[in-house]
Amino acid sequence: MLKTRKKPELLHLHMDITVNCNLFCKYCFYSEYNSKEFIEKELSLDKHKSIIDEAINMGCQKIILSGGEVLTSYKFKPLIKYCNEKN
């Protein structure tokens with residue numbers, strides 16, 4: 001008899017949407033990455049939405065948007081709206 005695999009579950013997703021910050025605090029993890037070089041390597045808005053969809057399909061109930069300073073990212077408001085639309 002074959003065992004069927006249980007669908008993976010993901011209850012919470014913590015997404016760092018940007019490394020950008022308007023401060024350069026010495027103690028902050030992101031201060032090392034707060035540069036044009038790393039900001040250009042960030043995932044696109046569409047890729048973040050795709051990850052959110054995948055997480056929801058895995059049963060995700062809570063999504064945390066984080067990063068350097070999320071309010072400096074053009075992706076923050078659209079992702080909040082997208083998450084809201086997805087409940």
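User: Which residues of α3 are buried, and what makes them line one face of the helix?

Analyst: In this predicted model, the buried residues of α3 are F76, L79, Y82 and C83. Seen down the axis of α3, these buried residues fall within an arc of 125°, so they line one face of the helix. K77, K81, N84 and E85, on the other side of α3, are exposed.

User: Which elements give two or more residues to the largest nonpolar core, and which residues touch the most other members?

Analyst: The core has 13 residues, and those touching the most other members are L13, M15, I17, I52, L65, F76 and L79. Two or more residues come from each of β1 (12-18), α2 (45-57) and α3 (76-85). The largest share, four residues, is that of α3. As for I52, its contacts are M15, I63, L79, Y82 and C83, not counting residues up to four places away in sequence.

User: Why is S73 called buried?

Analyst: The relative accessibility of S73 is 10%, and the cut-off for buried is under 20%. S73 therefore counts as buried. S73 lies in the loop between β2 and α3.

User: What does the side chain of S73 reach, and what makes that a polar contact?

Analyst: The side chain of S73 reaches the backbone nitrogen of K75 at 3.1 Å. A polar contact requires N or O atoms within 3.5 Å, one able to donate a hydrogen and the other to accept it. At 3.1 Å, the pair of S73 and K75 is within that distance. Leaving aside neighbours within four places in sequence, S73 is also in contact with I17 and T18.

User: How do you know whether T18 is buried or exposed?

Analyst: T18, in strand β1, has a relative accessible area of 4%. Buried means under 20%, so T18 is buried.

User: Which side chain is joined to that of T18 by a polar contact, and which residues does T18 touch?

Analyst: The side chains of T18 and E42 are joined by a polar contact of 2.7 Å. With neighbours within four places in sequence left aside, the contacts of T18 are Y30, E42, S66, G67, G68, E69, V70 and S73.

User: Why is E69 called partly exposed?

Analyst: E69 has a relative accessible area of 27%. Buried means under 20% and exposed over 50%, with partly exposed in between, so E69 is partly exposed. E69 is found in the loop between β2 and α3. Not counting residues up to four places away in sequence, E69 touches T18, N20, C21 and N22. K26 is 43 residues from E69 along the chain, and the C-alpha atoms of the two are separated by 15 Å.

User: How many aromatic pairs does a search of the whole structure find, and why is the pair of Y33 and F38 called edge-to-face?

Analyst: The search finds one aromatic pair. The ring centres of Y33 and F38 are 4.9 Å apart and the planes are at 85°. Centres must lie within 6.5 Å for rings to pair, and planes over 60 degrees apart count as edge-to-face. The pair of Y33 and F38 is therefore edge-to-face. Y33 is partly exposed at 26% relative accessible area, and F38 is partly exposed at 27% relative accessibility.

User: What makes the charged end of K41 count as sitting over the ring of F38?

Analyst: The charged end of K41 is 5.5 Å from the centre of the F38 ring. The distance limit is within 6 Å, and the charge must also be within 35 degrees of the ring normal. The charged end of K41 is listed as sitting over the ring of F38.

User: What is the phi of N87, and why is N87 called exposed?

Analyst: N87 is not a glycine, yet has a positive phi of about 60°. Most residues other than glycine have a negative phi. N87 lies in the segment after α3. Its relative accessibility is 86% and exposed means over 50%, so N87 counts as exposed. From C-alpha to C-alpha, N87 and H48 are 16 Å apart in space and 39 residues apart in sequence.

Note on methods
Residues are numbered from 1 along each chain as its sequence is written. This is a predicted model: local features need pLDDT of at least 70, side-chain atom pairs count only at pLDDT 80 or more; totals for chains, interfaces and linings use all residues. Side-chain values use heavy atoms; hydrogens and water are left out. A nonpolar core is a set of buried Ala, Val, Leu, Ile, Met, Phe, Trp, Tyr and Cys residues joined through side-chain atoms within 4.5 Å. Buried means under 20% relative accessible area, exposed over 50%, partly exposed in between (1.4 Å probe, protein chains only). Contact means heavy atoms within 4.5 Å. The arc is that of the directions from the helix axis to the C-beta atoms. Rings of Phe, Tyr and Trp (its six-membered ring) pair if their centres lie within 6.5 Å; planes under 30 degrees apart count as stacked, over 60 as edge-to-face and the rest as tilted.
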